[in-house]
Structures are given as C-alpha cells and as structure tokens.
Amino acid sequence: MFPDRTMALSAMLRKCLLGFASIAGIVLAIPSAASAEVKVTGASPFSGCTQDNVAGQPGINFQEAEVEPWVDADPRNPSHLIAGWQQDRWSDGGSRSLMSGYSANGGASWTPVVVPGITLCAGGQFERASDPWVTISPDGTAYFMSLSFMNDEPSGAGGDNAMLVNRSTNGGASWGAPITLILDTDGQLFNDKNSMTADPHDSRFVYAVWDRLEDFTLPHGKKKVGVDAKVGGNTGGGNGADGPANARNRLKNIRSGATINKATIYTGPSLFVRTTNGGSSWEPAKKIFEPGSNAQTINNLIEVLPNGTVIDFFTHILNSGSVKLGMVKSNDKGAHFGALQHAFEMVVTNAGTVTPDAKEPVRDANILFDVAVDDDNGTIYAVWQDGRQGNIDRVAFSMSTNGGNSWSPAIVVNATPPAKNKLREQAFVPSVEVSADHKIVVTYYDFRNDTSDGRELTDFWSISCNPAAGANCRSKTAWGNETRLSSASFDMLEAPVARGHFLGDYMGMVKSAGGVTSVFGKSVGPNLNDMFARTIP
C-alpha cells in the first residue's frame with residue numbers, strides 16, 4: 001500500500017476531528033456540526049388546574065401542546081439562556097399559561113419554571129395567555145413579557161386584556177409578580193403581538209412594543225362589539241385574541257375587494273412602553289405610529305443599533321392591500337420617535353403554507369418577519385416568508401448597512417431543493433441571528449423529506465453566510481452550510497390545529513457562547529408538541 005500517504009491522511013483526519021485541516025501549510029477552519037438536539041420542555045404543570053374551568057371555555061385545549069418559543073442569552077455569560085413558550089395551547093387563541101426555562105450550560109440541559117400571576121392556572125386573574133417574550137439586560141436582569149386575556153363576553157365584545165411583564169434577578173430560576181403595562185376593559189380594544197428588548201448598552205432601559213386593534217365608534221353612536229366576520233371573524237378566544245390570524249383575514253378581504261362597511265372600520269397602531277430604571281417602574285403606554293383607517297401594524301420588534309438608535313420594525317398592512325416592512329426610529333432612547341419609513345414590500349401570499357399532499361393549512365409566519373443586528377457594525381438583517389418565486393412561500397432576505405435608510409434587493413436564501421410536487425418547495429417560519437464572529441444564521445421549516453404515505457413529513461434547517469470571511473450575503477450563492485436541526489422528520493399533521501397546524505408563528509434564536517442557539521418546535525404525537533434546542537457554530 002502507501003504507508004506515507006496513509007499516515008498523512010490519518011494526520012489530516014485527526015486534525016479534522018479537532019475542527020481544522022492543514023493543506024500545504026495553510027490552516028483551514030472546518031465547520032463543526034450543530035450540537036445534539038436537546039428537549040427544552042417538560043410535562044405540563046397545569047394538568048391539575050381547575051381554576052380556569054377548561055370544559056366551560058370555547059375551543060379545544062391541547063394538553064401538553066407547547067408552541068411559539070423565544071430565547072435570550074445573558075450578556076455577561078452567553079452560556080446562560082432563558083426561553084419562554086406557550087403551554088397547553090387552545091385551538092382558538094392563547095394557552096392555559098406560559099412557561100419559561102433556563103439553561104446554565106449553553107442549552108445542553110434545561111429547567112422549566114412557571115411564570116407566576118399571568119393566568120388563573122398560574123395564580124393570576126386571566127383565563128389565557130399568549131406571545132411569550134424574554135429579554136435580558138447587560139446586568140443580567142431578565143424580563144418576561146406576555147399577553148393575558150379573558151374570553152369574549154356573551155354580547156360578542158372582547159374580554160379584558162393586558163400586557164404584563166415579570167422580572168427575574170436570578171437568571172430565570174424564579175420570577176417576581178407581574179407588572180401591568182396596559183389593561184383594556186373596552187370590548188373594542190385588543191392588545192396583541194408583543195415583544196420586549198433590553199437596551200444592550202444601558203441596563204436602565206428596556207423597551208416594550210405591540211399593536212392594539214381598535215374598532216371605531218359607529219356614526220349613529222352605537223359601539224361595535226366583537227370583530228365582524230367580513231373583516232376577520234370573532235375568534236371565540238377573545239376579541240382579536242389570535243391577532244395574526246385575524247390580520248391575515250382582513251388582508252384577504254381587502255385584496256378581494258370585499259366591501260368593508262362602517263361597522264367594520266378599525267386601526268392597529270404601534271404602542272410603546274419603556275422603563276428607565278431597570279424595571280422598578282414603567283412609563284405609560286403611548287402610540288408611536290398610527291396607520292390610519294382599515295390599516296394596521298403587527299409584529300412590532302425593537303432593535304437597538306450600536307450608536308444607540310432605537311428602531312421599532314413592524315409589518316405595515318396598508319388599506320390598499322399592500323404589505324411592507326415599516327419602521328420608526330428614536331435617537332433619545334424611546335422618548336420620541338420619528339416619521340414612518342418603509343424598508344421594502346413583502347410579497348405576502350394569500351394562502352400561506354399548506355401541507356404538500358393533504359393541502360391542510362399550516363399556521364405559519366405569513367405576514368410576519370424577523371430582524372437581527374450585528375452588535376459591532378450595526379448591519380441590519382431581515383427575513384420573512386415571501387411568495388415572489390412562483391407564489392410559493394419561501395424565505396426572503398434583505399440587509400441594510402446604513403441604519404435602515406436603504407436595503408439590498410430581496411433574495412431567496414433557503415436551500416429547499418426543487419420538487420415535482422411544488423408544495424414540497426415551501427419554506428416557512430424563518431428566523432435570523434448574528435453570531436459573535438458576524439456569521440448570519442437563518443432557520444426555517446420545509447417539506448423536502450415528505451413522501452406520499454399519508455404523513456406530511458417536516459424538518460427544521462439552518463443556513464448561513466459569513467460576511468467576515470468575505471462573503472457577499474446579498475447574493476444567493478454566498479449562502480451555504482445548510483444543517484438539518486431536527487434529528488428526524490416529524491409529521492406536521494400531528495401538530496394541533498389552531499387556525500392551521502401550529503408549532504408557532506415565530507421560533508427563538510440568540511447569539512450564544514457556541515455560536516447561535518435555536519429553540520424550535522416539533523410535533524411528537526397527535527396534538528402534541530415539544531420544544532427543542534440546538535446550537536449552531
């Protein structure tokens with residue numbers, strides 16, 4: 001044989017196992033595989049709860065169905081992670097309560113924790129909760145924001161609803177009682193789709209933002225109650241309690257040319273709250289953008305640039321049927337916000353994602369988006385579901401190097417291969433994050449491994465681009481290193497139906513000690529979802 005060559009190859013393999021290869025004296029980095037998949041969630045602690053009278057509420061409650069995770073890392077120790085998710089999802093909006101979980105070892109193991117006081121099952125006053133969001137300040141103080149609400153009144157008016165925030169000073173091991181940021185008892189007002197961002201430069205400041213659906217008073221003086229079916233449909237779980245689903249329905253009706261009568265006029269402004277003293281108190285909620293009649297915002301997300309600029313990004317649904325990424329900026333830590341700017345048009349499909357064979361709807365991120373900022377150079381990255389290629393939902397990407405004033409042309413970045421069944425080319429629920437070494441990581445689901453065996457096989461993937469290595473991430477060809485994050489394909493038809501088979505209309509991802517850590521959902525049995533974590537180097 002060839003002993004010298006064999007010894008050389010063996011040496012090279014040993015170096016590969018260490019993450020490097022040496023060729024002609026040049027050391028080349030070899031990408032490491034993502035960490036092993038780790039289950040984040042445990043058994044529901046609310047199985048014995050009777051305070052919320054499950055049998056007496058509308059809709060179907062899916063015991064052990066966990067959906068819609070978010071995650072953040074402690075800036076002082078990026079191996080310390082805190083996640084949040086909905087626990088025991090309802091079919092018509094919200095869940096029995098929300099859970100958090102913390103990891104002290106970079107996501108290798110997790111400890112679930114009940115967030116107190118946000119629903120009846122957690123010692124609070126509301127029947128349901130939704131939209132879990134976690135953020136951690138530079139000093140390690142953690143904040144957990146939630147939407148909590150009551151079901152619709154018998155009259156059809158929406159129930160009481162509130163935005164709440166709990167605070168933890170011990171890394172998420174326990175949480176204090178919730179503080180109410182806003183409470184609306186008017187059946188025409190519903191707060192929805194919240195997020196919260198700790199200022200990465202100053203622990204005194206934390207920013208909360210959401211949309212509030214507001215129905216107008218009729219000209220003859222009577223108040224409209226509920227949500228007219230022509231515009232969005234009463235949710236059963238609360239007036240607007242499933243905000244994204246209602247927003248999609250309104251958009252479809254606008255695009256179809258359906259007449260919206262005076263009884264269905266609405267608006268959905270962006271509301272904003274901040275603390276300037278590390279959560280000891282919170283300023284009153286204020287509107288920072290008013291979209292006007294029969295238009296709304298949704299999916300408000302705040303990012304803070306390295307120069308301190310605070311930007312609220314949102315999906316802007318115009319009364320023309322157009323959907324754009326909008327933004328308003330503040331140069332004084334949220335005391336004042338400037339005029340509306342539009343980044344780009346989002347090519348939103350009417351159908352959203354459907355399963356390839358049965359063509360059953362999937363509750364996805366249609367009309368939504370995700371953004372991330374490079375903390376060193378301020379470059380902003382955005383991803384969203386987009387139908388610009390053949391009216392099939394795929395993952396679109398754009399970036400801005402000048403604070404959002406201009407954006408690169410949108411490209412499709414997911415690597416889902418062509419298929420005879422075009423619905424197996426769909427990619428949905430994208431997320432984006434930037435690692436400490438400037439690598440951009442995008443995650444998404446697709447159906448590429450689906451077969452025609454009665455199941456709708458689904459997987460979760462990551463793909464990346466590294467501008468620090470000279471890649472031009474504005475080009476599709478610069479994206480690669482696709483990694484399958486789900487350890488095995490799962491059946492989307494087993495995910496509980498909440499206006500479509502539902503894993504969550506967002507997934508969490510955060511810069512962490514090992515690169516970026518993703519927390520995502522999978523169905524694990526009929527009407528059963530669990531949350532899992534993997535770190536992508």
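1. Leu181 touches Met145, Met163, Val165, Met196, Ala208, Trp210, Val273, Trp282 and Ala285, with residues up to four places away in sequence not counted; contact here means heavy atoms within 4.5 Å. Please keep in mind that this is a predicted model, where local features need pLDDT of at least 70, side-chain atom pairs count only at pLDDT 80 or more, and totals for chains, interfaces and linings use all residues. Residues are numbered from 1 along each chain as its sequence is written, and side-chain values use heavy atoms, leaving out hydrogens and water.

2. Leu181 is also among the residues with the most contacts inside the largest nonpolar core, alongside Met196, Trp210, Phe313 and Tyr445; this core has 80 residues. Strand 9 (residues 142-149) gives the most to it, with six residues. A nonpolar core is a set of buried Ala, Val, Leu, Ile, Met, Phe, Trp, Tyr and Cys residues joined through side-chain atoms within 4.5 Å. Strands are DSSP runs (E, at least two residues), numbered from the N terminus.

3. A second, separate core has 19 residues, including Val413, Ala427, Cys465 and Trp479.

4. Now to Arg424, which lies in the loop between strand 25 (411-412) and strand 26 (427-434). Why does Arg424 count as buried? Because its relative accessibility is 15%, and buried means under 20% relative accessible area (1.4 Å probe, protein chains only).

5. The side chain of Arg424 makes polar contacts with the side chains of Asp450 at 3.0 Å and Ser452 at 3.1 Å. A polar contact is a pair of N or O atoms within 3.5 Å; within protein, one must be able to donate a hydrogen and the other to accept it, and residues adjacent in sequence count only if both atoms are side-chain atoms.

Key:
Buried means under 20% relative accessible area, exposed over 50%, partly exposed in between (1.4 Å probe, protein chains only). Helices (H or I, at least four residues) and strands (E, at least two) are DSSP runs, numbered from the N terminus.
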